[in-house]
Amino acid sequence: MKTILIVDDEPASRYALRRALEGRYRIVEADSATAARPLLPAEKPDLLLLDVVLPGEDGLAFLRWLREEGNELPVLMVSALDTAKTAVEALQLGAADYLVKGFELEELRQRVANLLKLVGLERENESLRRQVASDGQFGQMLGRSAAMRKAFEMADRVAPTDSTVLILGESGTGKDLLAQEIHARSQRAGRAYVAVNCAALPETLIESELFGYERGAFTGAAQQKKGRFEQAHGGTLFLDEIGDMNPVTQSKVLRALENRTVERLGGTQSIPVDVRVISATHRNLPLAIRDGSFREDLFYRLRVVTLELPPLRAHKEDIAVLGESFARMHGARLGRTPQLSKSALRALERYDWPGNVRELKNAIERALVLSRGDEIMESDLPEEVLHGVPMVPKGAAEGEEYGLREKDFREAKRKFEVAYLKRQLGAHRWNISRTAATIGLHRQSLQERLRELGIRRPGQEIAEEDEA
């Protein structure tokens, strides 16, 4: 039997409410907010009937306290005050419904029944969402490996809260999709979701994009413009690749998060904003803090909750389900029902996917377009996948893959050697003898160096045997 807590200082009102509901529900009563507090954990009510006018702490203040404590107990406000202002304030504070005294008892019963039914459906949906997350799906994202399930389950737990979230992961791992799904499962789901790619905006524009500007703030500012913080008011702001943001803008973002206000360029007025911030980056922020390119105080402000998406090479057991999903998705668009051959799947699982899930998705689309039938064969896959040599080595644009950013000479040398040998081996389909002859080493010397560096052929043990 469902439990209803009635909080009303008038004995006659409590009696009337109890008589109307006690045949169907278990009733608990309190004559003030102070008396009601200990009943919440003790009685675990399913619904709260709350009067607005109470001695000491009024009903609206008690409702505000409930929500600040993270208590999502559904509340039906019952009051003699028939004013739109009071009703609107109650609903804004999180009340589920508002009923003015003088109502028919049948109307009360119907409102209570509807609210309890809605709560039941919401709990059922939440249970189903959690089950789906544990089964390896989170919105548009798939992954049955332990690492992906852990990320999904943690994201599902943090989504209903208003906590700031930092998503870490290499490019192409799905950080943007994860942020969108967190917003979709939050209390702000029906409101704005505004995404900003901090790496795609020049330093001269990022501040005006984030905070907006007043007319005449700079040459070309012909009219006032709201920034992304204002556009996301009441909703979620996603700051993608925040590790690429310049230090000056970082300080202004920190101030906006701490004060919950922004100031447009060229303006003097502080504008209040209510946004939930989700940020993401592929960069090593602790390293960026040490070299002075990222603010430590902003880092700790952003990482209230940290979620990490692993690179695809770290959960290759998900390649089959991802590949089949992408094949169906692209096939539906092309009017086909494709399947991956066993040899194509083995080739996909051997490759290291420096572009992660995004690269896999594009590779499946290309293979489907080029395939002659509905079965995607190994020969339909891109050359880099077949030969294990990425078109663009991961991190090469910044010199990371080759160790050029390393300060320690020995570590830089090791990284360069690993990248060089992997590329040469990939070019010769991991044939040890041919690779050794090409680079001027004896076969045994190359094998020994591969063991020392821990270089393995994708999907196999340390390369020791020749391939035909």
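A residue is taken as buried when its relative accessible area is under 20%, and by this criterion 45% of the 468 residues of the chain are buried in the present model, which is a predicted one. The secondary structure of the chain consists of 20 helices and 18 strands. When contacts between residues at least 6 apart in sequence are considered, 66% of them join residues at least 24 apart. The accessible surface of the chain amounts to about 24400 Å², and carbon and sulfur atoms account for 49% of this area.

The largest nonpolar core contains 28 residues, of which L210, F229, L239, V253 and F294 touch the most other members. At least two residues of this core are supplied by each of the elements β9 (193-197), α9 (203-211), β12 (236-240), α11 (247-259), α12 (285-290) and α13 (296-302), and the largest share, 4 residues, comes from α11. For L239, when neighbours within four places in sequence are left aside, the contacts are with V196, C198, L210, V253, V277, I278, S279 and A280.

On the surface, a nonpolar patch is formed by L334, V369 and L370, whose accessible area together is about 260 Å². Of these residues, V369 is located in helix α16, which spans residues 356-370. V369 is classed as exposed because its relative accessibility is 53%, the cut-off for this class being over 50%.

Conventions: Residues are numbered from 1 along each chain as its sequence is written. This is a predicted model: local features need pLDDT of at least 70, side-chain atom pairs count only at pLDDT 80 or more; totals for chains, interfaces and linings use all residues. Side-chain values use heavy atoms; hydrogens and water are left out. A nonpolar core is a set of buried Ala, Val, Leu, Ile, Met, Phe, Trp, Tyr and Cys residues joined through side-chain atoms within 4.5 Å. Buried means under 20% relative accessible area, exposed over 50%, partly exposed in between (1.4 Å probe, protein chains only). Contact means heavy atoms within 4.5 Å. Patches are made of residues with over 30% relative accessible area and no salt bridge: like charges are joined within 9 Å, nonpolar side chains (Val, Leu, Ile, Met, Phe, Trp, Tyr) within 5 Å. Accessible areas come from the Shrake-Rupley method with a 1.4 Å probe; for residues, only the protein chains shown count as cover. A salt bridge is a side-chain nitrogen of Lys or Arg within 4 Å of a carboxyl oxygen of Asp or Glu.
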